[in-house]
Amino acid sequence: MTEDAWLRAGGAAPAARPIRAAGPGPAAARPVGPRRRSLLGGAVAGAALAALPYAAAPAAARQRPAAAPPRFPLPSGPDANGEFTLLVTGDAGTGTDAQYAVAAAARRIHAEQRFALAVGLGDNIYENGPESAQDPEFRDKFELPNTGIDVPWLMVLGNHDCSGLIPGSGGDPARGDREVAYAATSPRWYMPSRYYSVALPGPAGPLVELFALDTNPVASTVTQTDPFYHWDGPYMRAQRAWLDQGLRASRARWKIVLGHHPYLNNGQHGSAGSYDGFVVGHYTSGIHLKQLYEEVVCGRADLILSGHDHTLQVLEPTVRTGGTRQLVCGAAAKGGDGRSHFGHPSAWQDFASLGFMTLKVSDRALTVDAYTVDVPTRTPRPAHRTTITAPVAAPHATAR
């Protein structure tokens, strides 16, 4: 069902939203029409956001705009042990006590291990994403829970961040522009564009490179009505080309892909190509995301990190994945139904607990630690460790 069909069937009309035009996102250009928002990215997003208060502010206020808060910097190198420690969370943005409990437990680990970065794997603002780049939900569902974890948070867009009329549909990708714009005003929230990469330096070149994807246009539960976001439209063609070139050119020892929707998954949502039992169509099944993972990512990246399913899973690499390992970490505020629905081989999985993961990245190894959380006491409990000692693919000597 498309968004328009849902509306004709009796759905409530959406509230009017202002249209903000801006420059294109990475490697993609799109025309700006009267009903179309284009991508907000990087400095353009900051400029657009900074302009918003001027229309209504008094003249005296316009002369002295408030300065953006200092941003927590990306790490300039590994710690004394020669490694970076990354916090991994997903599906966190509920604003409930459960979210605050998981964040408090992660803060305990941060006090011991000092995270260099944190990763938010989408569904950052439940249920429909923010209503603007100044939505107070950013404060209640991100800034306040994560106070004290004062590092850059690499954020990706989830289906709830890009909902249209139907919560969680992913049917209005342009809503994600608001989360890109918010990055200009937050010290933590790092989202320079809708998809992007970050490379962390080692002693002899990049140690790890993370590629953050926007998987929504090829995994929405409704048909994309804006041609720009069609499964084969200009946005997804540009994103695929960018990812293919980035993985090919990366000189990093370790390569990690971040995407809200998983490639493989034993939880109730299932895997790309058959999400929620659907195996037909261009959208709900995730067939084109499956193709993207298989044709561009598998055998080239060491890890795929995803949320979407409210579970914790460390799946095993297989011939099908080309040695790439899938992690599902979407239990930062909501738990699963307590049981496995599929049989992909796993090193460890938990379908009921809330929790998070950490990654330790060094030249020697990539170590995954999974933690479950006791919500009443806000206590993290080590649950599993997997160590990877050899990259899936050797880094290129030169970028090309």
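**Entry 1. Burial and overall content**

I count a residue as buried under 20% relative accessible area, as exposed over 50% and as partly exposed in between, using a 1.4 Å probe and protein chains only. By that cut-off, buried residues make up 55% of the 400 residues in the chain. The model is a predicted one, in which local features need pLDDT of at least 70 and side-chain atom pairs count only at pLDDT 80 or more, while totals for chains, interfaces and linings use all residues. Residues are numbered from 1 along each chain as its sequence is written, and side-chain values use heavy atoms, with hydrogens and water left out.

I then looked up the secondary structure and found eight helices and 14 strands. These are DSSP runs numbered from the N terminus, with helices (H or I) of at least four residues and strands (E) of at least two. For contacts I required heavy atoms within 4.5 Å. Of the contacts in the chain with a separation of 6 or more, 70% are between residues 24 or more positions apart.

**Entry 2**

I treated two strands as paired if DSSP finds at least two bridges between them.

Strand E2 (residues 117-120) pairs with E3 in the parallel sense over three bridges, and Val119 has Leu154 in E3 as its bridge partner. E12 and E13, by contrast, pair in the antiparallel sense over eight bridges; a hairpin joins them through three residues. Leu359 has Val368 in E13 as its bridge partner.

I also looked up the helix on this sheet.

**Entry 3. Strand E13 and Asp374**

Is E13 covered on one face or on both? Both faces are covered: Leu366, Val368, Ala370, Thr372 and Asp374 are buried on one side, and Thr367, Asp369, Tyr371 and Val373 on the other. In a regular strand the side chains alternate between the two faces of the sheet.

E13 pairs with E14 in the antiparallel sense over nine bridges. The two strands form a hairpin with four residues between them, and Arg378 in the turn has a positive phi of about 55°. Asp374 lies in E13 (residues 366-374) and stands opposite Thr379 in E14. Not counting residues up to four places away in sequence, Asp374 touches Thr379 and Arg381. I also noted that Asp374 and Ala98 are 276 residues apart in sequence and 9.6 Å apart in space, C-alpha to C-alpha.

**Entry 4. The other sheet**

Seven strands form an open sheet in the order E5-E6-E7-E8-E10-E9-E11, with mixed pairing. Strand E5 (196-202) and strand E11 (346-350) stand at the edges. Neighbouring strands of this sheet are turned by 15° against each other on average, direction ignored.

Strand E7 (residues 254-258) pairs with strand E8 (residues 303-306) in the parallel sense over three bridges, and Leu258 stands opposite Leu305 in E8. Helix H7 (residues 234-249) packs on the sheet, where it touches E5, strand E6 (205-212) and E7; its direction makes about 165° with that of E6.

**Entry 5. The cavity**

I took a cavity to be a set of points on a 1 Å grid over the protein atoms alone where a 1.4 Å probe fits but cannot get out, with lining residues having an atom within 4 Å of a point. Grid points are joined across faces, edges and corners, and a volume is the space filled by probe spheres set on the points. The search finds one cavity of 30 Å³ or more, and the volume of the largest cavity is about 160 Å³.

Its lining has 23 residues, of which Thr89, Ala92, Gln99, Asn146 and Trp153 lie nearest the centre. Which element gives the largest share of the lining? H4 does, with four residues.

Asn146 lies in the loop between H5 and E3 and is buried, with a relative accessible area of 6%. Leaving aside its neighbours within four places in sequence, Asn146 is in contact with Ala103, Arg107, Trp153 and Arg188.

Key: 1 Å grid on protein atoms, 1.4 Å probe; cavity = no way out; pocket = protein on both sides within 12 Å on 5 of 7 lines; lining within 4 Å. Axes fitted to C-alpha atoms, helices over the stretch in contact; angles between N-to-C directions.
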